[in-house]
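Subject: Structure for your review

Dear colleague,

Please find below the structure I am handing over to you.

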Amino acid sequence: MKFHTVGNESGKVIVLIHGLLNPWQIWMDVANAFSEEYYVVIPELDAHTQEEPSHFISVEDEAAKIHDYLIQNFDGELYMLCGLSMGGRIAAALAGLQGISTEYLVLDGAPLLPMPKIVIKFMTGNYIRIIQKSRKRDPKVLENFKKDFLPERFLEDFLRLAEYMDELSIKNILGSVFSAFEFRRYDDSCKILFMHGTKGNELVSKKSAVKMKEVNPQTNIRCYNGYAHAQLLSFEQSKWIDEVKDFLENQ
């Protein structure tokens, strides 16, 4: 794992955690939008490093590594903690660890409920094939990337991480992300925004949001009708930034 930073070093800290198969650069527009006032930290998660191999063990292991970095560098004090998809699962776990205090927790499409093993097995095989074909620069896979996954400007960043991603890490990621999550009651001062779409596997995120609100009534749920998983942040970053700023300003 590596950590990238940008912004006002004297400002409050914002942490942005990317999702599965996302390069850390997916957050740069968001980081720049907050960089004048805040100090932004972007972890480059294990199995997603672009310069050397690294291995993903579990969500809990990733959260622990980020926890230790934040304790050592910022005494665990955060202004905002954001996570996309898998990153949302990690953020939700991180926010509940001892020593971490955040004013705002933003979860976008976070899968916090378990999935059947047969579904996890299918998804694992599918992601492994995507990585294998990406390494070979398969035209269909690359075209689908630009159409459904991320804008073309992130393609080269994705291909760099694909070179180092190993099959065991993919298995560990899917098995860990879609295992049962221990919902915790966060401090009332931690305001939560849970964002999700309505298409495809967003049903998991929708149910996760409802459960989060049951445990933490201060949760604000925003549903984006017709949007697929992670679509808002991936393809409409200006709108995502506006939505989050509106949440921050109206709490």
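**Cysteines**

Cysteine 190 is buried, its relative accessible area being 5%. Please bear in mind throughout that this is a predicted model. The cysteine sulfur closest to that of cysteine 190 belongs to cysteine 82 and lies 11 Å away, which is too far for a bond. Cysteine 223 is likewise in no disulfide, as its nearest cysteine sulfur, again that of cysteine 82, is 19 Å away. With a relative accessibility of 45%, cysteine 223 counts as partly exposed. The structure as a whole holds 0 disulfides. For reference, a disulfide is a covalent bond between the sulfur atoms of two cysteines.

Helix α10 covers residues 237-249, 13 residues in total. From its first C-alpha to its last it reaches 18 Å, close to the 18 Å expected at 1.5 Å a residue. Which residues of α10 are buried? They are Gln237, Trp240, Ile241, Val244, Phe247 and Leu248. Seen down the axis of α10, these buried residues fall within an arc of 125 degrees, so they line one face of the helix. The face turned away from that buried side carries the exposed residues Ser238, Asp242 and Glu249.

Several elements cover the buried residues of α10. Among them are the helices α1 (28-34) and α9 (231-235), and the strands β4 (77-84), β5 (101-108), β6 (191-196) and β7 (219-223) are also included.

**Histidine 48**

Where in the chain is histidine 48 found? It sits in the loop between β3 (39-44) and α2 (59-74). Histidine 48 is buried, with a relative accessible area of 0%. Its side chain reaches the backbone nitrogen of leucine 21 at 3.0 Å, and a polar atom of that side chain lies 3.1 Å from the backbone oxygen of aspartate 46.

Apart from neighbours within four places in sequence, histidine 48 is in contact with residues that include His18, Gly19, Leu20, Leu21 and Asn22. Ser54, Met86, Leu161, Met165 and Ile173 are also among its contacts. The C-alpha atoms of histidine 48 and aspartate 166 are separated by 9.7 Å, although these residues are 118 residues apart along the chain.

**Helix α5**

Helix α5 spans residues 139-149, and within it Val141, Leu142 and Phe145 are buried. These three cover an arc of only 100 degrees around the axis, which puts them on the same side of α5. Pro139, Lys140, Lys147 and Asp148 are exposed on the other side of the helix. The elements that cover the buried residues of α5 include α4 (117-135) and α6 (155-164). At the N-terminal end, α5 is capped by aspartate 138, a side-chain oxygen of which lies 3.1 Å from the backbone nitrogen of lysine 140.

With kind regards

Methods
Residues numbered from 1 in each chain as written. Predicted model: local features only at pLDDT ≥ 70, side-chain atom pairs only at ≥ 80, totals over all residues. Heavy atoms only, no water. Helix = DSSP H or I, 4+ residues; strand = E, 2+ residues; numbered from the N terminus. Expected span 1.5 Å × (residues − 1). Buried < 20%, exposed > 50% of the residue type's maximum accessible area, 1.4 Å probe, protein only. Arc of directions from axis to C-beta. Contact = heavy atoms within 4.5 Å. Disulfide = S-S within 2.5 Å. Polar contact = N/O pair within 3.5 Å; in protein donor to acceptor, adjacent residues only side chain to side chain.
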